[in-house]
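Subject: Structure handover

Hello,

Here is the structure for your files, with the sequence. My notes on what was found follow below it.

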Amino acid sequence: MCMVEVSSIPKAVPACATPVADGMVIQTSSQKAIDAQKAVMEFLLINHPLDCPVCDQGGECELQDLSVGYGNDVSRYVEGKRVVTDKNLGPLIATDMTRCIHCTRCVRFGQEVVGLREMGATGRGEHVEIGTYIEASMSSEVSANIIDLCPVGALTAKPSRYKARAWELRESPSIAAHDCLGSNVSVHHRRGEIIRVVPRENEAINEVWLSDRDRFSYQALNEGKRLLKPRVKRDGEWVECDWQTALNFVVSEMKRIIGASDGNNFGALVGNNSTLEESYLVQKVIRGLGCNNIDFRTRRRDYSADEMGNVRSGLNFPLADLSNMDATLLIAGDLRQEQPLAALRVRKSTGFGKAMAINPFDGEYNFRLSHEIQPEPHLLAQEVACLLAAVVSKVKDVAADVSDWLSDVSFNDTHLAMAQELIDADKSALLLGVYVQEHSQAEVINWLAEQISELTGSNWGYMTQGCNAAGNNLAGAVPYQADVGGRATTGKNAKQMLTEGLKGYLIHNCEPDVESIWNEQALENFKKAEFLVALTSYADGRMQDYATVMLPIAGNYEASGTFINIEGVWQTFAAVVNAPGETRPAWKVLRVLGNLFDLKGFEYESSRQIHDELKEKHELAGDKKIARKTPAALSAASKDDSLRDSLGLYLVDPMVRRASALQQTPKASTHPISISRVKT
Amino acid sequence: MTDLNYDKSLKLKQLLPAKAVKEIDHWITKYPAERKRPPIMPALKVVQEYNGNYLTEESMQAVAEYLDVPPVAVYEVASFYTMFHLNKMGKHVVSVCTNISCSLRGSDKVIKHLQDRLNIKLGETTKDGLFSLKEVECMAACGGAPMLEVDKVYHENLTEEKIDQILSDIAALDASSKEGK
Ligand code: SF4
Ligand code: FES
């Protein structure tokens, strides 16, 4: 369609494929150019079914738009049109292959952007078909981007198929909640129902892409079994009640348990994708009552750095730079599972740079690794120490305590080669995956990584679980600090709360009986507890067995709030749709709780005020850096305490677990790798 | 999950005699080592030769694994070129060009005649398994259009008589080679 007339060339030529030359005079809308454009349009429509009235793409179709401008009213072709059988690409993408115009964008996306070529153009001439040839579900974690790329209605979103017309939808901006990048999305909704979620361009974060997880999780809101009214368990039976009754009961029980134990026998657990405002209010209520047991890190084993104060999790460089690193070293980082779009960026960087991995599992990469080490999980720290030793052997000015610490650490050629890559690279980064923070020697590994990055001049990044780990830290949803690093009497951490057993719990937007490393112990202790109040959007799950009170809170896209992403960007969003039934935004529930407890400082009228309060405090205090001390000599971690039993791609939080289409994909059933497979 | 001990060359080695695998290896050396896709075509050619003159999904998968390319890249090549057959074929595959020059010179008549003579349609095989009929794109013999190719021999400037002659020659040759056995 980009035919133009060039002064020196007698025929009209395609602009996209013609090199620029000196003295060229180009006309884009001369008669010749327009005739050529119209001719191309006519060709595109020879075989196109023109079924716009029943096509999901109708109203937002590039071909439709172009044909309005360049197409004829009546076709000159009377021959029969070609029909192509539809392909089954799995539960996310619906196909109508007769509509395909063979632009091959979907093929090129797989090949060039994802690095996993699943689609292809088979056949020849009139018989060309786009598809997978052998029927197969798309297995990539970013597959649904081809829906946006497809200029026609050949590829459309299966879950939202036939649900609405493009022109009936309203579009509202929001932030996706399932990984630490905080991808920007547009939510399309009609009469209070979310119809679909699509990416919103932000070059600094998600570029123009969106992971399937962020795109289809909204289904849980519409189809999940929602909790619509507060419930209280009376003699083992759930009884629905009004908010007043439920909250009064919560207040009296919490007062009773916290009062009787000086706050020791009560604990609060916050979900990974709770908003900054919610986490802040949970800790404000809990701490206001004199209890310091609050945590969101239900998947952490090593809490030894807690006493040092605020550990800001995240990157020390802009996320977008991940696309142009000369060397990237993954340490226990399974990017495709954890932050799918970060994997696309690293892949982009491998066009010229190198990627390496010390991963205690046999990962699936969409880029080539120049060097790879696969330690057993419990020996991960040892392996990183070897790398540090290799680095130290190549650089000057190493602090004495570091070289002492390494005195009997040896290294091999692979370590040396990795070290050299990091030293030689102009721009390099160490990425510590989610598993590092779950490792029983997390703090040693963090310290090692910091030494390596310092000595090699590399950046570092701690990739975190959930979308708001940085926000949760800052909000004070941790036992070691109140909001913005304020002093607090240290309370119990998540592991202690879940394994030791408390009399009472408050769980907010999480299911530790599924998510936590100690999930089975959590379940037992929850069942034993005298009282457990769950703030939740969903009415199903094992929560029904162990909770005493269930309070319905708004899900993502139903309440306003803020997420702080891995780069430290505060992204505030408004509610897109109203929460169903008597569901209320969690921050309002917590505000009322604060009032019922007669606590000070709960006069908020909007989540914005909570945000502003925190922002102001944060600006005054700044990010606290911690100086890690040289750790004690390294001994092997226990095998049992280092299992890599990460949450699968589509198991990370309550919302994703209830998104039906995602749960039907092949990726949902592949269980995360729990032990490393070492090459024999 | 991938199994690190999985031998990607195994499937092909089980499928083909060692001699054929060696032939493929020889072709691989003819292309730059970092380019993986160029050897797809010669590899498929060898596989087809040793595999009863057609390619199965299984054999294409084996080639993909052997060459370490995405399977769909192999399917693309196999389905594009008309000399690769995706179904069991007759002993002699009659490929008729229907591209522009041949079409202008009456390839539709050639096809019609062949279909009547052999009593099959395009893409089919005679009951005795002797002939298959296939429509192909330009074989670079436009000067002698209309043309067909059978058993790697080009036959040009076709007339009905010529076609009959070609078919009966092949049938006769076939019969005599059978007797000779
Ligand atoms: S993007 Fe759509 S129109 Fe283009 S080749 Fe793929 S299916 Fe066909
Ligand atoms: S068109 Fe038939 S050989 Fe060229």
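The second largest cavity has a volume of about 230 Å³. A cavity here is a set of points on a 1 Å grid over the protein atoms alone where a 1.4 Å probe fits but cannot get out, and lining residues have an atom within 4 Å of a point. Grid points are joined across faces, edges and corners, and the volume is the space filled by probe spheres set on them. Of the 25 lining residues, Asn509(A), Ser537(A), Ala554(A), Gly555(A) and Asn556(A) are the closest to the centre of this cavity. Strand 21 (531-536) and helix 23 (654-657) of chain A are the elements that give two or more residues to the lining. By type, the lining divides into 12 nonpolar, 8 polar and 5 charged residues; Ala, Val, Leu, Ile, Met, Phe, Trp, Tyr, Cys and Pro count as nonpolar, Asp, Glu, Lys and Arg as charged, and the others, Gly among them, as polar. The count of cavities of 30 Å³ or more comes to 12.

This is a predicted model, in which local features need pLDDT of at least 70 and side-chain atom pairs count only at pLDDT 80 or more, while totals for chains, interfaces and linings use all residues. Residues are numbered from 1 along each chain as its sequence is written, chains are lettered from A and ligands numbered from 1 in the order in which they are written, and side-chain values use heavy atoms, with hydrogens and water left out.

Helix 22 of chain A

Helix 22 (residues 607-621) of chain A has 15 residues and reaches 21 Å from its first C-alpha to its last, close to the 21 Å expected at 1.5 Å a residue. That expected span is 1.5 Å times one less than the number of residues. Helices (H or I, at least four residues) and strands (E, at least two) are DSSP runs, numbered from the N terminus. Ser607(A), Ile610(A), His611(A), Leu614(A) and His618(A) are buried in this helix. They lie on the same side of helix 22 of chain A because they cover an arc of only 95 degrees around the axis, taken from the directions from the helix axis to the C-beta atoms. Buried means under 20% relative accessible area, exposed over 50%, and partly exposed in between (1.4 Å probe, protein chains only). The face turned away from the buried side carries the exposed residues Glu616(A), Glu619(A) and Leu620(A). Among the elements that cover the buried residues are helix 8 (276-288) and helix 21 (586-596) of chain A. Just after the helix, Gly622(A) takes a positive phi of about 75 degrees.

Two buried residues of chain A

Gln339(A) sits in the loop between helix 9 (335-338) and helix 10 (340-349) of chain A. Gln339(A) counts as buried, at 1% relative accessibility. Leaving aside neighbours within four places in sequence, the contacts of Gln339(A) include Asp179(A), Cys180(A) and Met463(A), where contact means heavy atoms within 4.5 Å.

Ser172(A) is in strand 8 (residues 170-175) of chain A and is buried, with a relative accessible area of 14%.

Chain B

Chain B has 8 helices and 4 strands. Of its 181 residues, 40% count as buried. In helix 2 (residues 18-28) of chain B, the buried residues are Ala20(B), Val21(B) and Ile24(B). Ala18(B), Lys19(B) and Lys22(B) are exposed on the other side of helix 2 of chain B.

Regards

Terms used: On a 1 Å grid over the protein atoms alone, a cavity is a set of points where a 1.4 Å probe fits but cannot get out, and a pocket is an open set with protein on both sides within 12 Å along at least five of seven lines; lining residues have an atom within 4 Å of a point.
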